[in-house]
Amino acid sequence: MSLREYIAYDMPQLGASDSGLHALELMQAFHVSELPIVVDSKFFTLIKEEDILNWDKPEQLLSTRHFPDFRPVIYMKAHPYEAAARITELDLSILPVLDEEDKFAGLVTRSELLNFFCDNSGLMQAGGIMVISLKPVDYSLSEIARICENNDIILLNTQIYTYPGRELMDVILKTNRKELQ
């Protein structure tokens, strides 16, 4: 599985001859906080809305401005999990995707990554959710799966949530059955 099918090809990119105002208009129209500047199929930098808003003259061309070297990218062969981690870590609305030759291939958006998780994690399938609170030392996924399988329950998704400063963790199970007594 690669990012290829989650690239938002309809998302715009900026060129050096675009103005800051044009960039702001595109960001507003596409509901994003950043856009890439691409020159000759090469990703140059990611410009943020807040950068342009700090300009004295936002109507200036992008080519006349100095930008910080902000080049967060991911390669097309990467798994969507990696893209989700990167976009969340950097608090971005989009993430530029490069091909094997380091050429700009497009953008992946937070919403496309959310669609990936919903479509591929069992969350959209009918069933129930069970939360088990336990100590990390007592956690055994194989034991949980065995108990479920012995009761004709299929685990569609498992997630672990730990609480800072708390002794217990939650194991969240998405199952194929709604009735989970």
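Three strands make up an open sheet of mixed pairing, in the order 3-4-5. Strands (E, at least two residues) and helices (H or I, at least four residues) are DSSP runs, numbered from the N terminus, and two strands pair if DSSP finds at least two bridges between them. Strand 3 (74–75) and strand 5 (104–109) are at the edges with a single partner strand each, so one side of each has no neighbour in the sheet.

The model is predicted: local features need pLDDT of at least 70 and side-chain atom pairs pLDDT 80 or more, while totals for chains, interfaces and linings use all residues. Residues are numbered from 1 along each chain as its sequence is written, and side-chain values use heavy atoms, with hydrogens and water left out.

Strand 3 and strand 4 (residues 94–98) run parallel and are joined by two bridges. Tyr 75 has Leu 98 in strand 4 as its bridge partner. Helix 3 (residues 80–89) packs on this sheet, touching strand 3, strand 4 and strand 5. Contact means heavy atoms within 4.5 Å.

| Pair | Angle |
|---|---|
| Helix 3 and strand 4 | about 135° |
| Helix 3 and helix 4 (residues 110–120) | roughly 135° |

The axes of helix 3 and helix 4 come within 10 Å. Residues of helix 3 including Tyr 81 and Ile 87 meet a helix 4 group with Leu 113 and Phe 117 among them.

Key
Axes are lines fitted to C-alpha atoms, for helices over the stretch in contact, and angles run from 0 to 180 degrees between N-to-C directions.
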